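Here is a short briefing on one protein chain. Keep the sequence and the model open while reading.

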Amino acid sequence: MHHEAPQTNATTPSKARNTSNVSPVHRGMFALGGKIQNFAGGSLRICGKAVGLVATVNIAWYYYDRWSVNEFFGENFTTVTDEDGKESRKPQKKVLVLPFDCLKLVEKRKTGNFDLSTLLQQRNKQPTIIFEAKELVDVIQKAAADPNITALYADFGEGMRYPLEYAHIEEIRNALRIFNESHRVHRSPNIDHNPVFALPRNGNPKVSIAFGHSFGWSEYFLASAFSNVHLQPRGHLALGGTTVSNIFLRDMLAKYGIKAHVFKHGDFKITIFRADPCMILSAAPNAFSERGYSRAHLENVQSMTASLNDTIRTCIQNSRALKFDDVMWTSIFDYGSLTASNAKEIGLVDSTPPVGPISFMIDASKNAKAKSKVEDRFGIDVCPTNFDATDAVSVVEYKQMLDKRTRLETTQLTINNYLNRMSELSTATSLLLSGLGVRPNKSPPAEKIAVVTVDGNITSSLSFRIVQALRQIRNDKEVKCLVLRVNSGGGSVVSSEAILEELKALDVPVICSMGNYAASGGYYIATNSKRVFAQPTTLTGSIGVFLVKFDASEWAKSYGIRSDHHPHGSQGAAHLPLTPLTQGMKDNFERLSLGFYDYFKSIVAAGRSLTAEEVEKIAQGRVWTGEQAKEIGLVDALGGLDRAITYAKSTYAKSDAVSVEHWPKTTFSLSDFPGLLLSGSSLSDMISSTLHSFVTREDIDLTCAEEFLCCLAKLKFDSKPHFMLAMDEKTAIELIILGE
């Protein structure tokens with residue numbers, strides 16, 4: 001009888017494998033597979049721990065940020081001493097410091113390549129603080145609503161290193177007016193903040209103070225919006241008004257054998273740009289074709305400067321409660337620089353302290369005895385009676401905390417929306433959250449206002465970025481209105497047309513807000529807007545077209561240079577500077593410029609509901625101020641970006657929960673790193689804000705994220721850095737980079 005041995009291991013997969021008949025190669029593969037399996041299991045365990053650690057760090061970071069924000073914006077107390085030396089506790093109030101002497105205000109930050117070594121060139125200079133205009137306006141408006149901020153202090157120093165342009169100054173002045181009137185509740189839309197339309201008082205008025213060693217025309221235009229203006233005793237007030245400077249190059253070009261053939265439609269057509277707010281420079285085409293002012297050019301310049309001066313002096317009079325007549329203003333313009341005592345005598349300044357008094361004023365708020373010393377040293381009028389700030393906060397630090405608070409609110413809203421979706425999808429999840437005491441609020445339907453900024457000369461590269469942004473906005477169904485912010489003096493006709501056609505393709509209404517200028521191509525792209533806002537000092541219009549053909553053939557001939565060409569047609573070499581102008585070329589340029597001009601007028605007529613004759617009267621390349629443009633129908637209302645956004649929200653949004661998105665999206669480059677560092681941002685804030693901009697976007701730019709991380713990893717210094725011990729990131733980086 002045959003008995004089979006029991007098979008206990010041969011056919012059971014889970015048991016040990018019989019490898020007696022397996023080759024050495026296969027045994028090696030089995031061993032390698034086992035090692036890979038063990039390694040994978042260990043890697044998964046390590047990854048799980050790493051994910052848990054990252055989650056723990058993020059949660060801790062989130063709650064630390066919440067604590068720091070609540071600590072900053074919450075109610076704090078400080079110790080004060082009365083005249084008898086008795087100490088008491090009272091709520092801590094702060095003064096927000098605005099360093100206009102080193103503040104650079106831009107419409108939109110630019111990105112580009114930057115050499116980190118240039119930081120070393122600024123070690124002995126006051127660092128430049130860069131703000132976008134809308135950011136500074138937002139900071140001042142939020143300070144007006146912050147009960148802990150009871151005063152503003154602006155330091156103009158020896159003058160603004162980066163002079164502000166008029167329209168930006170007007171936007172800041174409007175924000176300052178809101179701050180000064182924050183103790184009143186105004187009925188909307190009380191744009192002029194007329195006290196007649198203000199509701200009863202809501203608390204004590206806040207204080208705003210401007211101090212400077214000297215003030216120029218544009219600087220005083222801004223400083224006069226503060227409730228108190230302080231000028232150094234040896235300082236001066238130079239109120240010379242707006243000046244226009246022009247350079248004419250025709251004779252110089254002729255001397256070197258160069259001719260500039262200008263083809264323009266519109267006798268007034270000039271190009272406007274500003275080198276300084278007090279000095280507006282008008283350039284091509286008259287700079288190349290004229291020996292001096294033409295009749296039309298001079299008429300335009302006189303009208304423009306008169307309008308600007310009238311607007312600015314009216315603003316100064318209203319802010320300072322002055323009653324100067326035309327004779328008085330003419331005397332001031334013609335007198336030259338006013339001394340500090342002269343300026344105080346006629347009411348242009350309030351006090352003449354020898355140094356910036358802010359630190360002494362803070363000490364006086366905390367100690368009654370110090371207050372008497374301040375009055376003895378600076379005079380009784382240097383410290384307003386309602387100044388009660390016991391601490392100072394810089395505008396950089398305040399903006400950092402505002403940004404951090406905004407990020408926390410965005411994170412909380414994201415979590416809330418996620419929990420809402422989970423509750424709607426699962427009843428069990430809803431019951432579980434309710435049992436834990438978590439009841440997410442029902443969020444209203446998401447609505448957005450998109451703000452697209454066109455800043456600078458309209459070129460093909462700018463047009464490309466704007467067109468890409470508009471196409472993304474067109475696909476976002478949550479966008480209810482688009483605010484087109486234009487800060488451009490014009491540019492290429494083709495590039496302007498590309499932007500205009502994309503705006504026409506949108507399914508949402510377009511509202512235009514004009515910045516310092518929206519002329520020529522800048523006005524071209526605004527013609528499809530439902531409503532146009534501009535500041536009184538905005539430069540706009542310039543509805544005209546010009547082409548310039550340079551002929552340097554005589555110059556080349558005088559140096560023995562010969563140029564030859566063999567085009568297939570008579571117009572093939574028309575753009576070459578060494579090709580003389582022929583009659584055929586001249587006819588082509590005139591026909592081309594006339595076609596552009598006629599089309600420009602037609603879209604203005606259609607967009608502004610004007611006849612062709614009415615457009616021709618206000619076109620011809622003439623530049624208008626915003627005040628003039630409103631009178632002739634090129635602008636609908638006066639106001640800045642803030643008013644345009646408010647109008648868009650109230651008109652086209654169905655709820656109050658409307659978010660504002662700014663386009664084109666700002667991407668990080670190495671050039672942003674030193675700017676953030678010099679503006680006072682800590683390393684953690686820079687990383688947090690930059691990575692936040694990546695993860696909150698639907699179209700994550702991995703290239704920019706990789707560039708940012710590589711920049712941090714590749715930072716190199718001339719000498720070996722010292723050890724960084726117990727100190728904050730900003731101090732440590734300054735120690736390494738600046739050697740201080």
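Residues 24 or more positions apart account for 75% of the contacts in the protein chain with a separation of 6 or more, where contact means heavy atoms within 4.5 Å. The model is predicted: local features need pLDDT of at least 70, side-chain atom pairs count only at pLDDT 80 or more, and totals for chains, interfaces and linings use all residues. Residues are numbered from 1 along each chain as its sequence is written, and side-chain values use heavy atoms, with hydrogens and water left out.

**Overall make-up**

- The protein chain holds 25 helices and 26 strands. Both are DSSP runs numbered from the N terminus: helices are H or I with at least four residues, strands are E with at least two.
- Of the 740 residues in the protein chain, 42% are buried. Buried means under 20% relative accessible area, exposed over 50%, and partly exposed in between (1.4 Å probe, protein chains only).

**Salt bridges**

- The whole structure contains 23 salt bridges. Each is a side-chain nitrogen of Lys or Arg within 4 Å of a carboxyl oxygen of Asp or Glu.
- Asp310 and Arg313 form one of them, at 3.8 Å from N to O. Asp310 and Arg313 are three residues apart in helix 7 (residues 295-320), so about one helical turn separates them.
- Asp310 is partly exposed, because its relative accessibility is 38%. Arg313 has 16% and so counts as buried.
- Glu661 pairs with Lys448 in a salt bridge, their closest N and O atoms being 3.2 Å apart. Glu661 is in strand 26 (residues 658-663) and Lys448 in strand 18 (residues 447-455), so this pair ties together parts that are 213 residues apart in sequence.
- Both Glu661 and Lys448 are buried.
- Lys448 and Glu661 also belong to a network of salt bridges with Asp476 and Glu478.
- Glu502 and Arg471 meet through their side chains in a salt bridge of 3.1 Å, N to O. This pair links distant parts of the chain, 31 residues apart: Glu502 sits in helix 15 (residues 493-504) and Arg471 in helix 14 (residues 460-474).
- Glu502 is buried at 11% relative accessibility, whereas Arg471 is partly exposed at 37%.

**Helix packing**

- Two packed helices are described by the angle between their axes and the distance between the axes.
- Axes here are lines fitted to C-alpha atoms, for helices over the stretch in contact, and angles run from 0 to 180 degrees between N-to-C directions.
- Helix 3 (residues 166-180) packs with helix 7 at an angle of about 20°, the axes lying 13 Å apart. Helix 3 and helix 7 are therefore roughly parallel; that label covers angles under 35 degrees, with over 145 roughly antiparallel, 65 to 115 roughly perpendicular and the rest oblique.
- Helix 3 and helix 7 make a left-handed crossing. A crossing is left-handed if the near helix is turned anticlockwise from the far one by less than a right angle, and right-handed if clockwise.
- Helix 3 contributes Tyr166, Glu170 and Arg173 to the contact, and helix 7 contributes Leu308, Thr311, Ile312, Cys315, Ile316 and Ser319.
- The residues in the contact of helix 3 with helix 7 are five nonpolar, two polar and two charged. Ala, Val, Leu, Ile, Met, Phe, Trp, Tyr, Cys and Pro count as nonpolar, Asp, Glu, Lys and Arg as charged, and the others, Gly among them, as polar.
- The axes of helix 15 and helix 18 (residues 583-608) cross at roughly 30° and come within 13 Å. Helix 15 and helix 18 are therefore roughly parallel to each other.
- The crossing of helix 15 and helix 18 is left-handed.
- On the helix 15 side are Val493, Glu497, Leu500, Glu501 and Lys504, which meet Phe596, Tyr599 and Ile603 in helix 18.
- The contact of helix 15 with helix 18 has five nonpolar, no polar and three charged residues.

**Two residues and their surroundings**

- Leu231 lies in strand 10 (residues 228-231). Leu231 is buried, with 0% relative accessibility.
- Phe333 belongs to helix 8 (residues 326-335). Phe333 is partly exposed, at 23% relative accessible area.
- Phe333 and Leu239 are 94 residues apart along the chain, and 6.0 Å separates their C-alpha atoms.
- Leaving aside neighbours within four places in sequence, Phe333 touches Trp217, Leu239, Gly240 and Gly241.
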